[in-house]
Structures are given as C-alpha cells and as structure tokens.
Amino acid sequence: MPVAVGPYGQSQPTCFDRVKMGFVMGCAVGMAAGALFGTFSCLRIGMRGRELMGGIGKTMMQSGGTFGTFMAIGMGIRC
C-alpha cells in the first residue's frame, strides 16, 4: 500500500502515530484536570504534606490515563 504524501513532500502520520498522539494529548489534558480537581478534593477532606502530594498524584494519574484512553480510542475511530 503506497504511503500518502502531503503537499510539500512529507509523509502523513500512520494510524498508530495518530493514536499515540491522541493518547498523549488526552493524558496531558486529563492530568491538568486531575491536578485541579485532586487538589481541591484533597484539601477539602483535610490532607496535608506527603499525604496531599500522594493524593494529588493518584488523581492526576487516574484522570490522565482515563482521558488519554478515550482520546486514543477516538483517534483510532477516525483513522
């Protein structure tokens, strides 16, 4: 199967590259949202110090992974 060529001679990204890019973008957005929501929720229940940092990190990883997965699926559907 021939590779599609763009207007200036560069090749288009593969479907796997697009799915990876979707995951990375979704992970970045999800981690930013997780930092905001995790900070507020951890402070609201009274966490301080090392416990606060662990709670925020856990929330960031969970939301980043979840949103990244959904973005990767969405980019895979578009391929």
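Student: What does the accessible surface of the protein chain come to?
Tutor: The total is about 5,900 Å², and carbon and sulfur atoms hold 71% of that. Accessible areas come from the Shrake-Rupley method with a 1.4 Å probe, and for residues only the protein chains shown count as cover. This is a predicted model, where local features need pLDDT of at least 70 and side-chain atom pairs count only at pLDDT 80 or more, while totals for chains, interfaces and linings use all residues. Residues are numbered from 1 along each chain as its sequence is written, and side-chain values use heavy atoms, with hydrogens and water left out.

Student: How many helices and strands does the chain have?
Tutor: Two helices and zero strands. Both kinds are DSSP runs numbered from the N terminus: helices are H or I with at least four residues, strands are E with at least two.

Student: What span should helix α2 have?
Tutor: Helix α2 covers residues 49-78, and its 30 residues should span 44 Å at 1.5 Å a residue. The rule is 1.5 Å times one less than the number of residues. Its end C-alpha atoms are 43 Å apart, which agrees.

Student: Which residues of α2 are buried?
Tutor: L52, G55, I56, G64, G68, A72 and M75. Buried means under 20% relative accessible area, exposed over 50%, and partly exposed in between (1.4 Å probe, protein chains only). Helix α1 is included in what covers them. In the protein chain, 20% of the 79 residues are buried.

Student: New topic. How many salt bridges are there?
Tutor: One. The term means a side-chain nitrogen of Lys or Arg within 4 Å of a carboxyl oxygen of Asp or Glu. Here D17 and K20 are the partners, at 3.7 Å from N to O. Both sit in helix α1 (residues 15-44), three residues apart, about one turn of the helix.

Student: Why would that spacing point them the same way?
Tutor: An α-helix has 3.6 residues a turn, so residues three or four places apart point the same way.

Student: Which residues form the nonpolar patch on the surface?
Tutor: L36, F37 and F40, with about 390 Å² of accessible area together. Patch residues have over 30% relative accessible area and no salt bridge; like charges are joined within 9 Å, nonpolar side chains (Val, Leu, Ile, Met, Phe, Trp, Tyr) within 5 Å. F40 lies in helix α1 and counts as exposed at 57%.

Methods. Contact means heavy atoms within 4.5 Å.
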